[in-house]
Amino acid sequence: MNRTDRMLAIVLELQGKRRQRAADLAHTFEVSKRTIYRDLAALGQTGVPIVSTPGRGYALMDGYFLPPLSFGTDEATMLLLGADVMAQSFDAQYRAAAQSASRKIAGVLPERLRPEVDALRESIQFIVGGAALRPDQAARLQLLRRAIVERRTVRFRYFARRASGQSATAPKVREANPYALAHVGQSWYVTGYCHLRKDVRTFRLERMEDLAVQMQTFERPPSFQMHRPDLFEAGSFDVRVLFDAEIARWVREAPSFFTIAEQETAGGLLVTLHVRDERDVLQWILGWGRHARVLEPDSLRQTVASEAEAMLRRSRES
């Protein structure tokens with residue numbers, strides 16, 4: 001990155017994050033603090049109102065904004081494609097916002113770029129799978145967004161998966177401090193601190209009912225990092241399944257969300273999955289029929305055998 005581009009990027013960084021230390025800017029742009037000091041001084045000389053506060057860093061004076069940005073073909077295409085994906089993934093409120101953003105981006109494009117951007121946009125599509133959110137799910141998603149922004153605890157009934165032989169229908173009332181939302185596969189997940197489990201947990205939107213935002217507030221831990229839902233939490237374990245070589249291509253084409261490793265062996269494709277409950281992958285394994293063989297754990301192998309026998313009995317009854 002040349003100096004001119006870096007100076008513009010520094011202004012954008014200050015405009016987006018309000019306040020930054022020289023060390024933070026140096027780390028972001030992979031230069032020395034001395035270089036950052038020189039860039040900040042040069043920006044000040046060109047009229048950019050930068051305010052320095054000892055011990056707190058640098059910020060732009062309130063009310064200062066850059067003039068409208070100009071986008072290149074690739075930049076505009078990516079922004080418009082991103083808006084298309086967001087319009088498919090969110091509820092009506094954010095879908096309208098994404099569509100409005102698309103119109104604004106397209107509206108400021110120079111005339112010479114529009115044909116190329118339109119051609120690329122028509123030639124590249126992201127189709128988000130799964131059915132649209134039901135009205136009740138969309139309402140819960142809005143409540144969760146509000147709770148995350150306002151740092152408020154939520155209360156809800158949760159239908160969690162149970163171990164084999166236990167009830168899978170009796171919900172528990174939970175309270176949680178929501179930290180983040182993630183859209184994975186075809187579902188929404190919220191991750192936060194569960195008051196019942198006294199630890200960070202992930203909850204699936206479709207399994208939540210009677211969601212209500214509480215008056216109680218919380219502070220999100222600075223050390224919190226978003227991770228893949230339902231993976232590598234307390235009580236989780238590995239599952240190993242061996243697939244016949246003749247369907248290895250199709251297994252790779254349609255992997256389980258819980259897959260963490262694949263290995264070619266003399267006996268076929270060995271797939272390792274990491275789950276919190278056997279039922280997370282039971283249907284996926286059964287879907288491959290006789291071409292799948294569970295190697296471990298023993299309990300899942302027995303469950304698959306029992307399910308197959310029950311299916312056979314039901315088929316004979318009909």
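The model is predicted, so local features need pLDDT of at least 70 and side-chain atom pairs count only at pLDDT 80 or more, while totals for chains, interfaces and linings use all residues. Residues are numbered from 1 along each chain as its sequence is written, and side-chain values use heavy atoms, with hydrogens and water left out.

Let's start with the helices. Helices here are DSSP runs of H or I with at least four residues, strands are runs of E with at least two, and both are numbered from the N terminus. Please find helix α1, residues 3–17, and helix α2, residues 22–29: they pack at about 125 degrees, with axes 11 Å apart. Axes are lines fitted to C-alpha atoms, for helices over the stretch in contact, and angles run from 0 to 180 degrees between N-to-C directions. The pair is therefore oblique; under 35 degrees would be roughly parallel, over 145 roughly antiparallel, 65 to 115 roughly perpendicular, and the rest is oblique. Who makes the contact, meaning heavy atoms within 4.5 Å? On α1 we have Arg6, Ala9, Ile10 and Glu13, and on α2 Leu25, Thr28 and Phe29.

Now turn to helix α3, residues 33–45. Its axis and that of α1 come within 10 Å and cross at roughly 80 degrees, and α1 and α3 are therefore roughly perpendicular. From α1, Arg6 and Ile10 are among the residues that meet α3, whose side includes Ile36, Leu40 and Leu43.

On to the sheet. Picture an open sheet of 5 strands in the order β7-β6-β5-β4-β8, with antiparallel pairing; two strands pair if DSSP finds at least two bridges between them. Which strands stand at the edges? They are β7 (199–204) and β8 (208–217), each with a single partner strand, so one side of each has no neighbour in the sheet. From one strand to the next, the twist averages 45 degrees.

Inside the sheet, strand β5 (residues 172–184) is joined to β6 (residues 187–194) by 8 bridges, and Asn177 stands opposite Tyr193 in β6.

Last stop, strand β4, residues 152–158. Of its 7 residues, 5 are buried (under 20% relative accessible area, with a 1.4 Å probe and protein chains only), so β4 is largely enclosed by the rest of the structure. Towards β8 there are 5 bridges, with Arg152 opposite Thr217. Towards β5 there are 5 bridges, and Tyr158 stands opposite Lys172.

Definitions and conventions: Contact means heavy atoms within 4.5 Å. Buried means under 20% relative accessible area, exposed over 50%, partly exposed in between (1.4 Å probe, protein chains only).
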